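Good morning, and thank you for coming. Please look at the structure with me as I speak.

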Amino acid sequence: MHEFRFEPVRMPAAAEALRGEVRAFIAQEVAQGAFTPSRNSWSSFDPDFSRKCGERGYIGMRWPKEYGGHERSALERYVVTEEMLAGGAPVGAHWIADRQSGQQILRYGSDRAKRTILPKIAAGVCFFSIGMSEPDSGSDLAAVRTRAARVEGGWKISGTKVWTSGAHQTNYLIALARTSAKEEDRHAGMTQFIVDLSHPGVSVRPIYNLYGGHDFNEVVFDEFFVADDMVMGEAGMGWKLVTGELAFERSGPDRFLSTYQLLVESIRAIGGDPDERCANEIGRFVAHLATLRRMSISVAGMLERGAQPIVEAALVKDIGTAFEREIPETFRHLIPTEPTLGEGAGYAELLGMTILRAPGFTIRGGTREILRGMIARGLGMR
Amino acid sequence: MSEMRNDLLKTVDRIFDEHCPKPVRESAEAGEWPAALWRALEEVGLDRAALPEQAGGSGLDFEDAMLALRRSAYHGAPVPLAETMLAGRLLAAAGLAVPPGALTVAPVQTGDRLRFVQGAAVTTVSGAAQRVPWGNLCAHAVVAGELDGKGMVGLVSTSGAARGVDKNLAGEPRALLEFDATPLIALAPLKDALARLEAEGALYRSVQMAGALERSLEYCLQYANERVQFGRPIAKFQAIQHMLAVLAGQAAASSAAADAAVEASRLVPDEFAVSVAKSRVGEAAGKGAEIAHQVHGAMGYTREHNLHYSTRRLWSWRDEFGNESYWQSRLGRAVAADGADALWPMLSRR
């Protein structure tokens with residue numbers, strides 16, 4: 001049986017110094033009107049803000065300097081990400097590239113991919129989407145039908161990806177495609193490719209989401225050419241790569257801070273002298289939050305030590321996203337409000353937006369059910 | 001985990017394997033003092049594990065002592081180890097000598113107060129303390145209260161003080177102690193003595209519940225892998241897998257919350273971390289015990305399977321030294337009073 005140990009991690013002094021810098025930067029941006037603290041931090045696409053983050057060294061923090069990185073620790077990166085989320089900063093443009101795509105290229109990309117792409121990501125001017133899900137392949141990722149056929153000097157990709165956040169605004173995505181026919185081992189024969197979305201042969205169509213926003217897209221590849229040096233790792237390694245990539249997606253503060261702004265505004269609305277019921281609920285959420293944060297930092301510590309905390313990450317995401325979803329469900333009772341999407345409606349709008357976003361929290365990055373299956377495997381039940 | 005900690009756990013495991021078989025548990029629930037078990041704990045110094053070395057401690061640091069306490073709870077041990085550790089820590093913090101033997105603390109119920117009266121020759125204690133853990137079986141109680149507005153800690157004999165003995169759901173004795181101008185053996189000032197007793201008690205119960213949850217999960221995994229229905233072990237059913245994934249989450253969160261509180265409370269209990277721990281772990285106790293029993297079916301609803309040694313403790317401990325609502329409310333009031341914008345700076349300092 002896998003033993004779930006979330007060892008304590010002490011933040012190094014350098015990380016705490018950095019925290020002060022990031023907080024001052026966010027405060028200054030807010031004061032200058034660059035953004036209003038958002039209810040949708042890592043889904044808010046703001047290239048100007050991303051460029052400023054790049055200039056300040058807040059992207060690609062762990063990567064080598066030769067690729068534009070800053071050679072800082074996982075814990076320093078953690079501090080930057082949690083401060084951005086807690087501050088409601090619009091980090092959506094660079095979020096995926098920084099959290100997972102760049103990391104993936106650093107590990108498995110060709111020399112050319114590393115040299116041409118990573119410095120631009122780190123500068124905050126190059127953005128990524130995720131190319132995993134398809135119309136017939138969601139939780140069952142190994143069922144992808146997008147195919148890549150071998151051609152002179154590279155591969156030709158045909159197929160459709162869906163729920164591709166930001167693909168209408170990003171520069172690249174990493175696509176998972178089948179490169180040989182399905183065998184008995186259904187995890188064999190898949191490959192990850194870096195796809196340049198500005199090239200011809202790819203079309204992007206919006207899919208409007210529950211709150212009416214345009215975030216998702218359908219991305220269709222028609223004999224789209226990808227050169228050999230945009231293959232990740234070796235052909236056929238795709239499954240191993242994609243599961244590793246998902247681990248980066250799952251344990252971060254973005255998996256329990258999605259509704260933090262609503263928590264803060266609810267506490268503000270309740271005021272300094274709460275009744276018993278309100279005090280209980282505030283206390284309960286703060287107890288959960290403090291505990292989740294400790295567990296999530298512990299996973300960052302495992303990443304720092306070079307471990308692959310896949311099951312721990314799944315566990316943090318499972319309980320973190322459940323926490324995120326409970327916040328609107330509880331405070332709507334305590335601060336009776338009819339939720340709306342009407343702009344400028346203050347708390348009612350924040351609540352409305354949060355309610356319509358919440359179903360996504362326990363789906364994106366691996367559904368609750370997939371995560372619980374992974375945890376059960378870790379417990380030795382599968 | 002360090003080698004020393006591993007050895008410590010092995011020692012605790014050995015003692016409970018040897019001295020805590022079912023007959024001992026049953027006689028303890030019937031009200032008999034588990035003398036051999038307690039002696040074995042004393043022999044390796046576990047009763048004094050939480051004391052500083054100069055106060056007679058066994059040279060373990062506080063984290064190690066709490067690890068041993070957690071393991072004793074993992075074993076569902078019917079002994080006042082937490083109470084003895086807590087009483088000793090209060091005495092040591094006040095600079096008083098720690099007597100040998102099992103100790104308890106009073107008062108433990110919110111609202112119960114004991115009165116200290118300073119006489120010419122001797123200071124006495126008066127008043128009633130309800131549901132004092134093991135109060136009828138420990139020779140001494142450490143009492144906390146105030147004298148002239150100052151926090152005080154005293155040591156008193158429990159001889160003749162027990163007026164009635166109830167049990168918690170785990171069958172551990174909870175005694176009504178009544179003192180009537182009973183002379184104190186020792187008395188010394190200790191800042192916020194009563195609050196400190198309460199918070200440290202809540203911390204220890206959180207640590208104990210984390211241990212009992214760990215054991216409940218292990219019982220579940222063992223049972224689910226062995227129990228065959230519809231031609232396969234029930235562990236192969238997705239419904240069971242998902243229930244136990246949730247239990248694993250509750251157990252892991254409990255460990256994290258309890259660890260954080262222990263770390264922050266080496267010298268004095270940290271109000272925030274203890275509030276978080278008792279709230280979070282207390283909630284996990286109820287939710288976790290529910291899942292554990294559902295997975296065990298009718299077998300877990302009997303006294304034949306050992307699951308109840310863990311779950312009856314979870315259902316008792318979550319209500320002792322303040323239930324979740326009590327600590328959530330304290331935490332919530334403090335957060336609200338500081339204001340919404342102070343929350344993140346406070347959390348990120350932890």
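This is a predicted model: local features need pLDDT of at least 70, side-chain atom pairs count only at pLDDT 80 or more; totals for chains, interfaces and linings use all residues.

Residues are numbered from 1 along each chain as its sequence is written, and chains are lettered from A and ligands numbered from 1 in the order in which they are written.

Let us begin with chain B. Its two parts are domain 1 (3–191) and domain 2 (194–348), with bounds taken from an automatic or database domain assignment. Between the C-alpha centres of these two domains of chain B there are 23 Å.

How many residues of domain 1 of chain B are in contact with domain 2 of chain B? There are 25, and they meet 24 residues of domain 2; contact here requires C-beta atoms, placed from the backbone, to lie within 7 Å. On the domain 1 side, helix H4 (62–74), helix H5 (81–93) and strand S4 (140–147) of chain B each supply at least two residues. Helices (H or I, at least four residues) and strands (E, at least two) are DSSP runs, numbered from the N terminus. H4(B) gives the most to this side, with 8 residues.

We now turn to the two chains. Their contact takes 41 residues from chain A and 39 residues from chain B. On the chain A side, the elements giving two or more residues are helices H7 (260–270), H8 (276–304), H9 (310–334) and H11 (368–378) of chain A. Of these, H8(A) gives the most, with 17 residues.

Notes: Two residues are in contact if their C-beta atoms, placed from the backbone, lie within 7 Å.
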